[in-house]
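Please open the model in your viewer and keep the selection tool handy. We will go from stop to stop, selecting as we go.

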Amino acid sequence: MSLTSNTRGTGPLSGVVVADFSRILAGPYCTMLLADMGATVIKVEGPEGDDTRLYKPPSVNGIGTYYLSVNRNKHSIVLDLKDPQDLETAYEIIDAADVFIENFKPGGLAQFGLDAESVAERWPQLVHASITGFGTKGGSHLPGYDLLIQGVSGFMSVTGSPDGPPQRGGVALFDVITGLHAAVAVLGALNERGVSGNGQHVELDLLSAALSGLVNQTTGYAACGNDPQRLGNEHPSLFPYGPFPTADKELIITVANNSQFTRFSTVLGMPDLVRDPRFDSVEHRNTNREELRVLLNGALRTETAETWASRLQAAGVPCAPILSIPEGVQYAASLGLDPVVQVGQGDETVPLIKNPVSYSRTPVSYDKAPPALGADTEDVRQWLRTHRKDPS
């Protein structure tokens, strides 16, 4: 797919051009979301390419699936910013762009005239998004890797068994959350530019995104000094809420209000639980969770997880099995969610996980497979020779 055809798409961001100087995960996840929505995303890579191309196993045709997961619908051009001609090409790409996204170390772009002040002066209508690990003040010298953020944010301190060590999440959670925040920030800045005619610099850092993403846990500390601890699969404010043993395996049950608890206790054959003063409110169930746990476990162990799931779901009590990643994808498919999409054309087609958003009029697209390193260099250069931005 050529850049020309991509700029004529029907997605909600059709016509928007993004100069993507980011790598690894947070930035590329953001720009993939923008690309899915129809933006023309030009992925500028150094001679060695995005690090994640080599993050393997697993891999497909020698390319790490880590890279494939966040780089569809983009056009790759290789530029060495230390080369004057390549730097001039980089300027031309930004000239043509509405959005410039980068995750260089703070101060790292100043030598190329691409620091925030220089960008604002040269391209006053540009939306410039910068992503760092720990901000541009006291933490500007710290490298921004997700695992470091999981550690210092407090996330690991509340993840894992109470009697076990702090535990990382099974995915680079805060890279993804930062990427989502970045996409929202870019959309907000583009909307405001439509009113004022001016671009602006939006800054994000992984640690701030993590503290925001920890929602009730960090707010509990900020608002009243609460110091949350590891609870394993327990919820700090709700019970029953987590995996429970049945006759064959665990079943996740989430009872978040009194109405659900009434239905739950009725299905278990213990309708009087809801009138027991130890369990008649969310707060009381939390306070007396160990007493309640004994009663619930005794009842649940009499039938299989599948049997209980059928009964509870029929009664409107939220529950779910614990599945593997393959089983989770297959389960989504069984619900008609079509989680896997074929991205690209012809021999370049690759199966990837779909964008989670569905638009009624301007659907996302999956036209272009994640590009090989520099695969679109000539197309980008040709596009730059012919492309002229609408001055409006």
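Select P240, in the loop between α9 (215-224) and β9 (241-245); helices (H or I, at least four residues) and strands (E, at least two) are DSSP runs, numbered from the N terminus. The peptide bond that leads from F239 into P240 is cis, with omega near 0°. This is a predicted model, where local features need pLDDT of at least 70, side-chain atom pairs count only at pLDDT 80 or more, and totals for chains, interfaces and linings use all residues. Residues are numbered from 1 along each chain as its sequence is written, and side-chain values use heavy atoms, with hydrogens and water left out.

Next, pick P57, in the loop between β2 (40-45) and β3 (59-60). Its bond from K56 is cis, with omega near 0°.

Now move to N61, in the loop between β3 and β4 (63-64). N61 is not a glycine, yet its phi is positive, about 55°.

For a helix pair, show α7 (residues 173-196) and α8 (residues 206-213): their axes come within 9 Å and cross at roughly 95°. Axes here are lines fitted to C-alpha atoms, for helices over the stretch in contact, with angles from 0 to 180 degrees between N-to-C directions. The two helices are therefore roughly perpendicular to each other (65 to 115 degrees). To see the contact (heavy atoms within 4.5 Å), color F174, D175, I177, T178 and H181 of α7 and L206, A209, A210, S212 and G213 of α8.

Finally, find L335 in the loop between α14 (325-334) and β12 (340-343).

Note on methods:
Angles under 35 degrees count as roughly parallel, over 145 as roughly antiparallel, 65 to 115 as roughly perpendicular and the rest as oblique.
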